Amino acid sequence: MIMSKSALPDLLDKLIGEYEVYAPVKEGYYSLFKKITAGGEACFDYANSKIPPKGVLFPQSEKLFCYSLTGEGAKIEDCIDSGKKVVFGLRPCDARSLLLLDNVFKNDQYTDPYYMTRRENTLLVGMACINPAGTCFCTSMDSGPFDKTGLDVLLTDIGDAYLVEALSDAGKALVEKFGLGDSGDEQNEAAAKAREAAELTCRVNTGELKAKLDINFYHAIWERFHEKCLGCAACTYSCPTCHCFDIVDEAVDCNGCRVRNWDSCMFPLFTMHGSGHNPRPGGKERMRQRIMHKFKYFVDNFNAMACVGCGRCIKNCPVNLDIREILADIQEEGRSDK
Amino acid sequence: MQRNPYLPLPVKLVKNFTETEDRLIHTFTFQFLSEDDEKSFPYMPGQFAEVCVFGKGEAPFGIASSPTEPGFLKFSVAKVGVVSTALHLMEEGTTAGVRGPLGNHYPVEQMKGKNIVIIGGGFAFTTLRSLITYILEPEHRGDYGKLTVIYGARNPGLLLYKDELEDWDSRSDIDLVCTIDRPVEGWTRRVGFVPAVTKEVAPNSENSVAIICGPPVMIKFTMPELEACGFMPEQVIMSLENRMKCGIGMCGRCNVGNKYVCKDGPVFTKAELNQLPGEY
């Protein structure tokens, strides 16, 4: 099907009545996924958003429940959000990150009802990457600029229009609401050309990565990666697959709310015991945890790397640490151990 | 969908007992406000729960009571942070919350038919108390062989559960060895650190399981003594502690290698821990 760019704001307006619509919005020099109130607010002229759209399903800060003590006990009100949502224009890498996060929030024993309820009520309309950024390495992480995995609909920019592919039943139902016409041969060809032209400039070899990480926990290589790291956690806050969080109470006397906030393995307090003992006391241990979690522990547990190659951690690092270089260094090191 | 694992069940604090002479450890006895809630909380020795002080937050503590003692939950808590301090100050009758039970438990099924050696040090005796009480229950006692308990504290005032220790000492179906670090006037029992006492007691490793909980330095020096007695890593069971928040394997902080202490532990055999990095 085909959707002209000039018609898009009106089509988004149609959705806004029925769904909460999240789309990239310009914020100064960067883009962020935000809930829009009019189709015209969305701006699809972007490589990727500064912060990943995972926050639509797993907000940076969210109330879990509110409570108050009563004479007979405690009154607890759950804050599960079951509103229908559409994330419009997310990149294929970010859609893939949600498939990875599903493993975490529905594990072998427990289901997180806050994430999973939102997940079940959210449609994902992807925007293929015709101009991948220099920091993108999705093709090294089992994805690609036109990857359809996890998406309900995929849009491809072909100049003055988008080629629209409905990929799931829910996606088909959504697209039907737009009443779009079929695409012609010329348009299909333009999309195929765009797909071919979308080139990634860098590739990270991950062939031996897991085998190396399986044996190099005590390797001297970990002494150097963290040396210039400030421990600011920008890499984890901007990562679409990072899922660590803290739980705190915000209350006056005995009445208030339990809240969860994004947290980061790069902070010393993250693992500090009440006694003061810290199993990951320094930058070395914390950097190792971040790499090990993404490229070994997650693979052990879910058979997939917890990285989609979006490059945000590279772009946002204030001291230019580049995860691609770290992964390359790990693979180049000899097999000496302990 | 299963019950929301983040929601606490309301309980009433029925007893706030000062357990140690230094007043830093209190034992809290809670009762569920509803019978259905109690039924929805079936637990085993070694499991933990998040105890919630409304207005302050929640923190994870090992369950010190045993499932053979229905009607209440017990936790022994050191005054360390915001939540534990609020608990220490809590008046009896106040409503609090618990969520759980969380984590795995001591492998009481696999331990059947075996001699049990329990070694505890200091304040890490809470889930061991649960296990001992479980084994001593008449219905279970016949399932296990000889029960030896080695328990050490810095001084007599820091021993937990003093009344029960006296009771166990007078019984023939449990061999209790209590020890303190340095001699104290009036103390007529053993004096010495747990590793040295373990060496003296020399528990037989044949058809035995050792469960060891205590400060890292105690474990470090007791392990070689157990090995000298012939205990293999598969026969030694430990319970780990790491900082936790969610308790259900999602918040990401308590992992040791690819295992989460909260969800995959806290109980591991030494053989399992030998496969993991030492981040605990």
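In this predicted model, the interface between the two chains brings 39 residues of chain A into contact with 33 residues of chain B. Several elements of chain A take part: β4 (61-70), β5 (73-78), α2 (92-105), β10 (245-252) and α9 (283-302) each supply at least two residues of the side that touches chain B. Of these, β10(A) gives the largest share of that side, with 6 residues. Sorted by class, the side of chain A that touches chain B holds 22 nonpolar, 10 polar and 7 charged residues.

Turning to chain B, a hairpin is formed by β3(B) and β4(B), with 3 residues between the two strands. Strand β3 (residues 48-53) pairs with β4(B) in the antiparallel sense over 6 bridges, and B:Val53 has B:Gly57 of β4(B) as its bridge partner. Within the turn, B:Gly55 has a positive phi of about 100°. Strand β4 (residues 57-62) of chain B is largely enclosed by the rest of the structure, because 6 of its 6 residues are buried. Burial extends to both faces of β4(B): B:Gly57, B:Ala59 and B:Phe61 are buried on one side, and B:Glu58, B:Pro60 and B:Gly62 are buried on the other.

Chain B also contains an open sheet of 7 strands with mixed pairing, in the order β10-β9-β8-β7-β11-β12-β15. Its edge strands are β10 (190-191) and β15 (267-269) of chain B, each of which pairs on one side only. Within the sheet, strand β7 (residues 115-121) of chain B runs parallel to strand β8 (residues 147-153) of chain B, and 6 bridges join them. Here B:Ile118 has B:Val149 of β8(B) as its bridge partner. Helix α6 (residues 194-201) of chain B lies across β7, β8, β9 (175-180) and β10 of chain B, and runs at about 155° to β8(B).

Conventions: Residues numbered from 1 in each chain as written. Chains lettered and ligands numbered in written order. Predicted model: local features only at pLDDT ≥ 70, side-chain atom pairs only at ≥ 80, totals over all residues. Buried ≥ 20, exposed ≤ 12 C-beta atoms within 10 Å, placed from the backbone. Helix = DSSP H or I, 4+ residues; strand = E, 2+ residues; numbered from the N terminus. Pairing = 2+ DSSP bridges. Contact = placed C-beta atoms within 7 Å. Axes fitted to C-alpha atoms, helices over the stretch in contact; angles between N-to-C directions. Nonpolar A, V, L, I, M, F, W, Y, C, P; charged D, E, K, R; others polar.
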